[in-house]
Amino acid sequence: MTDSERVTIKLLGAFTISRGSLLVSEPPVSRESQSWKLLKYICANCGRTISAEELTRELIFAGSESNIDNTLRVRLRRARAILDRVGLGGKLDGLILYGGGKYCINPDLDVRIDVRETDSLCRRAMDKSLGAAERLELCLMALRMYNGPCLVNSEPRAYIELLRAQCDSVFRALLRQVFPLMRETGDYSGAETICKSALAVCAEDAEVHELVITALLSANRTADAVAYYTSVAVALANKQEKLPEFKSYLERCGS
């Protein structure tokens, strides 16, 4: 399929679905709508068929047992109305198919999901049969996809917490790989990418920030470390957890 036919689903940061030049993004409202909940759950479980019972259990739709089927039909109709904005709302050829009380993502579409892409790139970057430069680029390609925590505008749900934990694990695995590969290749041009993704994903995680700052200083990238430290300090303003004084990092790295 051509790029114009490819469907891209982004779960990292704000939830979006795009096809070609068309894009629909979840509105950053205070209360998550039921149709968006349904759409996100089905997209996050791409590759599986999902029963009405599972949707009801996982999304806790309001309604009595006597009208839950009607509730789901209404949510699906509204979800398809959202998908109409990117030409994917059709019952037979759209993104979501329904039949026999089960829902799934249309297997005939070329669907790419960012969380799966990052996991695949991370695994490839661990392949030591590849050259260091290639492995480094794979890490950076994955890190560029991290635009924020997984499904950042979603209300708490068990499946979201599990997905976030998985994404966090992949993100930290990428960080553990990328700095040694930078040292091995002597190529630190991707430092800005790492800093940007760490701030987007782990704005309040001092442990991650300390790893980034220490790695930059160890590579004699003092200016990058100072700029990153300043950005982190702003992000942590008015938070209980704060970073140590910058000079402590210099002392630790012998700078």
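## Asp114 and helix 4

Asp114 is in contact (heavy atoms within 4.5 Å) with Ile9, Lys10, Leu11, Leu12 and Met145, when residues up to four places away in sequence are not counted. This aspartate belongs to helix 4, residues 114-125; helices (DSSP H or I, at least four residues) and strands (E, at least two) are DSSP runs numbered from the N terminus. Asp114 has a relative accessible area of 7% and therefore counts as buried. Buried stands for under 20% relative accessible area, exposed for over 50%, and partly exposed for the range in between, with a 1.4 Å probe and protein chains only. Between the C-alpha atoms of Asp114 and Arg172 there are 16 Å, with the two residues 58 apart along the chain.

## Basis of the model

The model is predicted: local features need pLDDT of at least 70, side-chain atom pairs count only at pLDDT 80 or more, and totals for chains, interfaces and linings use all residues. Residues are numbered from 1 along each chain as its sequence is written, and side-chain values use heavy atoms, with hydrogens and water left out.

## Overall figures

The protein has ten helices and seven strands. Its C-alpha atoms occupy a box of roughly 70 × 45 × 30 Å along the principal axes. Of its 255 residues, 47% are buried. For contacts between residues at least 6 apart in sequence, 60% link residues at least 24 apart.

Accessible surface (Shrake-Rupley method, 1.4 Å probe; for residues, only the protein chains shown count as cover) amounts to about 13200 Å², and carbon and sulfur atoms account for 49% of that surface. There are 34 positive and 33 negative charges, and their mean positions lie 4 Å apart. Lys and Arg are taken as positive and Asp and Glu as negative, without His and the chain ends; each charge is placed at NZ of Lys, CZ of Arg, CG of Asp or CD of Glu.

The largest nonpolar core holds 83 residues, and Leu11, Ile17, Leu39 and Leu95 touch the most other members. Such a core is a set of buried Ala, Val, Leu, Ile, Met, Phe, Trp, Tyr and Cys residues joined through side-chain atoms within 4.5 Å. Helix 6 (residues 158-185) supplies the largest share of this core, 13 residues. Leaving out residues up to four places away in sequence, the contacts of Ile17 include Val7, Ile9, Leu39, Cys43, Leu83 and Leu95.

Helix 1 spans residues 34-44, and eleven of its eleven residues are buried. Among them are Trp36, Lys37, Leu39, Lys40 and Cys43.

## Arg157

Arg157 sits in the loop between helix 5 (132-143) and helix 6. This arginine is buried but has no salt bridge; Glu155, the nearest side chain of opposite charge, is 4.0 Å away. A salt bridge requires a side-chain nitrogen of Lys or Arg within 4 Å of a carboxyl oxygen of Asp or Glu. Apart from neighbours within four places in sequence, Arg157 touches Lys37, Glu58 and Leu59.

## Positive phi values

Most residues other than glycine have a negative phi. Leu151, which is not a glycine, has a positive phi of about 45 degrees. Leu151 lies in the loop between helix 5 and helix 6 and is buried, at 1% relative accessible area.

Asn220 also has a positive phi, near 60 degrees. The loop between helix 8 (206-218) and helix 9 (222-235) holds Asn220, and this residue is exposed, with 66% relative accessibility.
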